[in-house]
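Have the model open and the sequence next to it. We'll take a short walk through a few spots, one at a time.

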Amino acid sequence: FTMAPSASGERRGPPPAVKKVLSLFGSSKEEDKLVGYLSFLKIGPKLLRFVPGKKARHLRSWLQAYAYWNQGGLDNVASMFLFLAQEYFGDPGVQPLPVTETPATGLLHPEYDGFFDTPARYLEWYRRRKSA
């Protein structure tokens, strides 16, 4: 398997089996494909636990590190480095935190601790804040 472009320059993408799994996570709309891809990134490391071998170990580690990176935030990035240190160099003496998930879509306000999953929830918070 290789994701290198073919001789004609056409991109091959992932193997057909991976394409099939990814197709199960959304419709043909681009935004659904993105949500499906993000969902796959969340469950990929859990599924790969059942695949033996060194190559699968590195793929599992990559997916886990990518999950930390993709969710963003200081705690996730610090935990990503702790996870990688633990995975490849031994116990660093501090355990990484679980991935703190951020929603695939949502609203963020610097004065609110968290995310709003709908515009209605944001407006509700904003009106309460403004009236206080």
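Is L59 buried, partly exposed or exposed? L59 counts as partly exposed, because its relative accessibility is 40% and that label covers the range between 20% and 50%. Keep in mind that you're looking at a predicted model. You'll find L59 in helix α3, which covers residues 54-71.

Now for the charged side chains. Side chains of opposite charge can pair when their charged atoms come close. Searching the whole structure for salt bridges turns up three.

Start with R129 and E111, whose closest N and O atoms are 2.3 Å apart. R129 sits in helix α5, while E111 is in the loop between α4 and α5, so this pair ties together parts that are 18 residues apart in sequence. How open are the two partners? R129 is partly exposed, since its relative accessibility is 34%. E111 has a relative accessible area of 55%, so E111 is exposed, the cut-off for that label being over 50%.

Next up is the salt bridge between D117 and R121, where the closest N and O atoms are 2.8 Å apart. D117 is partly exposed, because its relative accessible area comes to 46%. R121 gets the partly exposed label too, at 49% relative accessibility.

Then there's E124 with R128, a salt bridge at 3.7 Å from N to O. Both residues belong to helix α5, and they are four residues apart, or about one turn of the helix. E124 is partly exposed, as its relative accessibility is 45%.

One more stop, back in the loop. Which stretch holds T100? T100 is in the loop that runs between α4 (74-89) and α5 (119-131). Its relative accessible area is 47%, so T100 is partly exposed. What does T100 touch, leaving out residues up to four places away in sequence? The answer is Q71 and N76. Take Q71: T100 and Q71 are 29 residues apart along the chain, and their C-alpha atoms are separated by 6.9 Å.

Notes. Residues numbered from 1 in each chain as written. Predicted model: local features only at pLDDT ≥ 70, side-chain atom pairs only at ≥ 80, totals over all residues. Heavy atoms only, no water. Helix = DSSP H or I, 4+ residues; strand = E, 2+ residues; numbered from the N terminus. Buried < 20%, exposed > 50% of the residue type's maximum accessible area, 1.4 Å probe, protein only. Contact = heavy atoms within 4.5 Å. Salt bridge = Lys/Arg side-chain N within 4 Å of Asp/Glu carboxyl O.
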